[in-house]
Amino acid sequence: MTIKEKVPFVINTLKELYPTIPIPLDHKDPYTLLIAVLMSAQSTDVRVNQITPLLFKRADNPYDMIKLSIEEIREIIKPVGLSPMKAKGIFGLSKMLVENHNGIVPQEMELLETFPAVGHKTASVVVSQAFGIPAFPVDTHIHRLMYRWGLTNGKNVVQTEKDAKRLFPKELWNDLHLQIIWYGREYSPARGWNLEKDIITKTIGRKTVLNEYSKTKKARK
């Protein structure tokens, strides 16, 4: 199957599997989403969703957040990991929002990326999920699947994002990136992967990936 044939197959299969697409991180506005996404780095959405209510009970806006000390924030978010860096980031970006943006999260990627602990992926998620602006945030699931499907060479997330934006229609980016994440978790995980259940990879997967899977499976027998 050529790449031109693979793309509509991926889009249609994902649309069928995920006609409605839940947002993985619980939030009520752009600020709480920004904080949740920042906290999700090298953690799981499930863990973040357990901890954010505790933090947002104390402070769910930048004005209240900067009334807490970095140490207090760190103590609350400790279970999500990397808490010293994340606490500094949460406090620092809240201070910047208050001082420079009247407490309002900007919609521009360039501005978001100037905040402490906010990288390109975090900024992409916020503009996409909070403001509906087309973006294609690439996480480990998307990076893995785009490579398995032969839609990118998989060398780095920057290249994967470029390839995704080049191949998929812009108006589908916001839905697709979430659909691929859910698909990766359910059908094409990094560990415990069962190709029989992974209809997309089984149908359009990169030959080297499929061969490697067969070899590993045979070796286990």
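A contact is defined as heavy atoms within 4.5 Å. Among contacts in the chain between residues at least 6 apart in sequence, 59% join residues at least 24 apart. The model is predicted: local features need pLDDT of at least 70, side-chain atom pairs count only at pLDDT 80 or more, and totals for chains, interfaces and linings use all residues. Residues are numbered from 1 along each chain as its sequence is written, and side-chain values use heavy atoms, with hydrogens and water left out.

The chain holds 13 helices and zero strands. Both kinds of element are DSSP runs numbered from the N terminus (helices: H or I, at least four residues; strands: E, at least two). The radius of gyration is 19 Å, close to the 17 Å that the globule rule gives for 221 residues, so the chain is as compact as a globular protein of that length. This radius is taken over C-alpha atoms, and the globule rule is 2.2 Å times the number of residues to the power 0.38. The C-alpha trace spans about 55 × 40 × 30 Å along its principal axes. Of the 221 residues, 47% count as buried. Buried means under 20% relative accessible area, exposed over 50%, and partly exposed in between (1.4 Å probe, protein chains only).

Helix α11 has 14 residues. Its first and last C-alpha atoms lie 20 Å apart, close to the 20 Å expected at 1.5 Å a residue. The expected span of a helix is 1.5 Å times one less than its number of residues. In α11, 10 of the 14 residues are buried, so the helix is largely enclosed by the rest of the structure. Among them are Trp173, Leu176, Leu178, Ile180, Ile181 and Tyr183.

The buried residues of α8 are Thr122, Ala123, Ser124, Val125, Val126, Val127, Ser128 and Gln129. They pack against α2 (30–39), α7 (109–112) and α11. Gly132 follows α8 and has a positive phi, near 70°.

Salt bridges come to 10. The criterion is a side-chain nitrogen of Lys or Arg within 4 Å of a carboxyl oxygen of Asp or Glu. Arg185 and Asp45 form one, with the closest N and O atoms 2.4 Å apart. Arg185 lies in helix α11 (residues 173–186) and Asp45 in helix α3 (residues 45–58), so the pair ties together parts that are 140 residues apart in sequence. Arg185 is partly exposed, at 33% relative accessible area. Asp45 counts as buried, at 14%.

Glu72 and Arg58 form another salt bridge, at 3.4 Å from N to O. Glu72 lies in helix α5 (residues 70–77) and Arg58 in helix α3, so this pair ties together parts that are 14 residues apart in sequence. Glu72 is partly exposed, with a relative accessible area of 34%. Arg58 is partly exposed as well, at 44%. A further salt bridge joins Lys202 and Glu196, at 3.1 Å from N to O. Lys202 is partly exposed, with 41% relative accessibility.

Four aromatic pairs are present. Rings of Phe, Tyr and Trp (its six-membered ring) pair if their centres lie within 6.5 Å; planes under 30 degrees apart count as stacked, over 60 as edge-to-face and the rest as tilted. The ring centres of Trp193 and Tyr213 are 4.9 Å apart and the planes meet at 65°, so the pair is edge-to-face. Trp193 lies in the loop between α11 and α12 and Tyr213 in helix α13 (residues 207–220), so the pair ties together parts that are 20 residues apart in sequence. Trp193 is buried, at 14% relative accessible area. Tyr213 is buried too, at 14%. Ring pairs also link Trp149, Tyr183 and Tyr187 into a cluster.

The test is NZ of Lys or CZ of Arg within 6 Å of the ring centre and within 35 degrees of the ring normal. Arg148 lies over the face of Trp193, at 3.5 Å from the ring centre. The charged end of Arg206 sits over the ring of Tyr147, 4.0 Å from its centre.
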